[in-house]
Amino acid sequence: MQIDAFRRRFERGLDALAGLPIEAARRRYDTLCTGFAPADPAGMAITDERIAGIEVRRFQPAAAGRGPVLYAHGGGWNLGSVRSHHGIAADLAERLGRDVISVDYRLLPEASYAEALDDCRRVTEACAPTALVGDSAGGRLVMDVARLSPWRGVLGLIYPPVGRPTLQTLGPDAPLLSRDDILTLWRAIVDDVPMPDDDSPPAASLEVLTVEHDPLTRPLESAISAWRRTGTDIGYRCAPGMLHGALHAHASLDAMHAAWHDFCLALGRRVE
């Protein structure tokens, strides 16, 4: 698949959400995202469970190592689920050779950002993962869990919003995600975000993956530069030509596949 084909297909899917009741929009979004996912890895056990009272989906590869990894999905804090990001979590588990616990945290507007964060924190403290991994909105959640909880481990971030997004800090608009999109979503959570201006490193050991065409990439790269000046150990790669959300199609977009492979390989080395 070429990136333009992915963009057109994803844009059509997002456009179809307009005007739908929130539950219908979420079902459509789940279907849109899973349409890009590869088949589950052979021999993987996948179960829906509850940990600390929170719904999760566990991905257990055929040869699982010690210590699970927690995964928080993206979707702008109002969309997304363990279903929409099933393909990403399953592939992450297979590549790491570890259980991945995908958290079905509560969503806006029924719940607040603080409640979504509490769901992720409670699962983290109950299962003591070796790494926290989150993409987009989920990346912000795991950053805040890392800052607020006693958990210590490796943090994996995939195009997350960092700091306090503004028109001045964000990069240029890109297909599938504009600066206005980001600021609208940010306004819905900002009152509940802990330490929104905190520019200290969220963890001592990080692996980061981003894409070339994404307003979130510029502030993320600025944050990485600042974190590195404190001595924080950070691995970073940017997928050339890729767009926000392209991770769903990692199996069919060559540049995304290569960057995702490198990210998972580096993350796996850190958790060993």
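How far apart are the mean positions of the positive and negative charges of the protein? In this predicted model, the mean positions of the 29 positive and 36 negative charges are 1 Å apart.

## Overall form

The protein contains eight helices and eight strands.

Of the contacts with a separation of 6 or more, 73% are made by residues 24 or more positions apart.

## Surface and interior

The protein exposes about 11,200 Å², and carbon and sulfur atoms supply 50% of that area. Of the 272 residues, 56% are buried.

In soluble globular proteins, nonpolar side chains tend to be buried together. The largest nonpolar core of this protein has 43 residues, and those with the most contacts inside it are Phe 6, Leu 92, Met 256 and Trp 260. Helix 8, formed by residues 254-271, provides the largest share of this core, with seven residues. Apart from this core lies another, of 40 residues, including Ala 72, Trp 77, Tyr 113 and Leu 117.

Which residues does Leu 92 contact, leaving aside its neighbours within four places in sequence? They are Val 69, Tyr 71, Val 100, Val 133, Trp 260, Cys 264 and Leu 267.

## Two loop residues

Is His 250 buried or exposed? His 250 lies in the loop between strand 8 (233-243) and helix 8. Its relative accessible area is 2%, and because buried means under 20%, His 250 is buried. Not counting residues up to four places away in sequence, His 250 touches Pro 38, Gly 87, Ile 88, Asp 91, Met 256, His 257 and Trp 260. Of these, Met 256 and Trp 260 are also among the residues with the most contacts inside the largest nonpolar core.

Asp 197 lies in another loop, between helix 6 (179-189) and strand 7 (205-213). With a relative accessible area of 52%, Asp 197 is exposed, since exposed means over 50%. The C-alpha atoms of Asp 197 and Pro 165 are separated by 9.5 Å, and the two residues are 32 residues apart along the chain.

Methods:
Residues numbered from 1 in each chain as written. Predicted model: local features only at pLDDT ≥ 70, side-chain atom pairs only at ≥ 80, totals over all residues. Heavy atoms only, no water. Helix = DSSP H or I, 4+ residues; strand = E, 2+ residues; numbered from the N terminus. Buried < 20%, exposed > 50% of the residue type's maximum accessible area, 1.4 Å probe, protein only. Contact = heavy atoms within 4.5 Å. Areas by Shrake-Rupley, 256 points an atom, 1.4 Å probe, with all protein chains shown as cover. Lys, Arg positive; Asp, Glu negative; His and termini not counted. Charge placed at Lys NZ, Arg CZ, Asp CG, Glu CD. Core = buried A, V, L, I, M, F, W, Y, C linked by side-chain atoms within 4.5 Å.
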